[in-house]
Amino acid sequence: MRVSASTPVVTRFAPSPTGFLHIGGARTALFNWLFARHHGGKFLLRIEDTDRARSTQAAIEAILEGMRWLGLDWDGPEYYQSQFGERHAEVAHQLLASGNAYKCYATAEELEQMRAEQRANKQPLRYDGRWRDRECGPEQEGMPFSIRLRAPKEGATTIHDKVQGEVTVQNSELDDMILLRSDGTPTYMLAVVVDDHDMGVTHVIRGDDHLNNAFRQLGIIKAMGWPEPTYAHVPLIHGQDGAKMSKRHGATGVMDYHELGILPEALSNYLLRLGWGHGDDEIISREDAVRWFDLDHVGRSPSRFDIKKLENLNGHYIREASDGRLAGLAGAKIEQLLDRALSNDELALLTRAMEGLKPRAKNINELAEGGTFLFKSLPLDMDERALALLEGEGPDLLALVHARLSAIADWSAEATEQAVREVAEGAGVKLGQVAQPLRAALTGRATSPGIFDVLVLLGKAESLARIADRMTK
């Protein structure tokens, strides 16, 4: 199906609620969202919850949370596949009435024996069509049956995929799949096709692990005489070792990256560049992504997820973000670290500190760790590197700094810097030999924002108290 002014684009994201929103699913959702927005069409969200045993409300909430966090809004309500069971069954019976499907009375035991024989003979495991052309007799009266699609046996089926190109499968490789189980419930393969048709989906953009399903689903579409959607099967995301992305590669759920301190716009930008490109552009805003996105530039090869590249990109977005927003995000993390709430004054202080904190931070967690010193009480906890800076002549230099800073009336970055430089010159040492123990005394860490900015943020009284606490060995 070609995109034209007379054919409104409709895409969908259809996750199964059996777990969190996976990073690969998030990219699929992003591609569908961008394609729909680029063409001024609709983007639908359908929760495929027909597997009632494995579907959970917690998983549904996790999917919705991940979508909202990434800013992927959908048109209309979220749909639930389980709502349409009667419609799915109706289509199965229409296919039965038209001769494009048939009743299969094979029992579970029979089918297992069939598969066992196929395994023994090293044959493909597929239904052998035993009820395809068989008339039921009196012994089948009242017995349970499934409804199977009467798939074509001759010729071939070709898909003109927007990503994979032209792909052909011989029809002899496709078996007569079940549409409706013997208990009357529809299979996933039937439900997906019916829902896509009824919702007017024009473009099916999904992972290439569904490519084989497309050939089987086309059998239903053709039997019903429905228009075929345009398919675009996107390669999967792999880990750094080239294997399919899994938990052993680290975080795989979208909200895991939220916990790691990644900004949603950074993750979206990174996912967009995993398998799609626009020249040499690496930093792509959401507005540009909508304007530029197409399926022609989605690559055929799997992409490798690189957490370091994501963190570097995240660092860029942190530097671009407003100080107030960053303080709100980092403040929530600091509250967890301190096990208490921050006051409005403390949040204002953290906002002022962002200018010095964000240039070196790669994630929100680093921002929080870097800013926690502002809200600590004496005595400060010290990391090992900070303790090392307070050995030797460090305490003596701090005593000189304390005396000089105490005499300052105008507490500013310029005035405090001048005072510390005078101490270094008077002691005959380099500025760093004074600044480093001073940093340790003020923050408990060996790294921090600029030391003179730290002095201003803490204020005179708190700065002098912290210095005094470390003046003796």
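**Figure 1. Helix α13 and the lining of the second largest pocket.** In this predicted model, α13 gives the most to the lining of the second largest pocket, with 4 residues. Helices are DSSP runs of H or I with at least four residues, strands are runs of E with at least two, and both are numbered from the N terminus. A pocket is defined on a 1 Å grid over the protein atoms alone, as an open set of points where a 1.4 Å probe fits, with protein on both sides within 12 Å along at least five of seven lines; lining residues have an atom within 4 Å of a point. The second largest pocket holds about 410 Å³ of space, the volume being that filled by probe spheres set on grid points joined across faces, edges and corners. Its lining comprises 20 residues, of which Glu366, Glu369, Gly370, Arg445 and Thr447 are the closest to the centre. At least two lining residues come from each of α12 (344-357) and α13 (364-371). By class, 7 of the lining residues are nonpolar, 6 polar and 7 charged; Ala, Val, Leu, Ile, Met, Phe, Trp, Tyr, Cys and Pro count as nonpolar, Asp, Glu, Lys and Arg as charged, and the others, Gly among them, as polar. Residues are numbered from 1 along each chain as its sequence is written, and side-chain values use heavy atoms, with hydrogens and water left out. As the model is predicted, local features need pLDDT of at least 70 and side-chain atom pairs count only at pLDDT 80 or more, whereas totals for chains, interfaces and linings use all residues.

**Figure 2. The largest pocket and its lining.** The largest pocket has a volume of about 850 Å³. Among its 29 lining residues, His22, Gly24, Gly25, Asp209 and His210 lie nearest the centre. Two or more lining residues are given by each of β1 (10-13), α1, α5 (188-198) and β9 (203-207). Helix α1 provides the largest share of this lining, 4 residues. The lining of the largest pocket divides into 13 nonpolar, 9 polar and 7 charged residues.

Figure 3. A nonpolar core is a set of buried Ala, Val, Leu, Ile, Met, Phe, Trp, Tyr and Cys residues joined through side-chain atoms within 4.5 Å. Buried denotes a relative accessible area under 20%, exposed over 50%, and partly exposed in between, with a 1.4 Å probe and protein chains only. The largest such core has 100 residues, and Met67 and Leu267 touch the most other members. Helix α1 (residues 23-38) gives the most to this core, with 9 residues. Beyond its neighbours within four places in sequence, Leu267 is in contact with Ile23, Trp69, Leu70, Val254, Tyr257, Ile262 and Leu310, where contact means heavy atoms within 4.5 Å. Leu267 is among the buried residues of α8, together with Pro264, Ala266, Ser268, Asn269, Tyr270, Leu271 and Leu272. Helix α8 (residues 264-273) is mostly covered, with 8 of its 10 residues buried. Gly275, which follows α8, has a positive phi near 105°.

Figure 4. Leu378 and Pro379 are joined by a cis peptide bond, with omega about 0°. Pro379 is placed in the loop between α13 and α14 (384-389). Lys122 is not a glycine, yet has a positive phi of about 55°. The loop between α4 (108-120) and β5 (146-149) contains Lys122, which is exposed at a relative accessible area of 78%. Asp339, likewise a residue other than glycine, has a positive phi near 60°. Its loop connects α11 (323-338) and α12, and Asp339 is exposed, with a relative accessible area of 69%.

**Figure 5. Asp241 and the extent of the chain.** Asp241 lies in the loop between β11 (237-238) and α7 (254-259) and counts as partly exposed, at 45% relative accessibility. The protein chain has 19 helices and 12 strands. Its radius of gyration is 32 Å, well over the 23 Å that the globule rule gives for 473 residues, so the chain is more spread out than a compact globule; the radius is taken over C-alpha atoms, and the rule is 2.2 Å times the number of residues to the power 0.38. Along the principal axes, the C-alpha atoms fill a box of roughly 105 × 50 × 40 Å.
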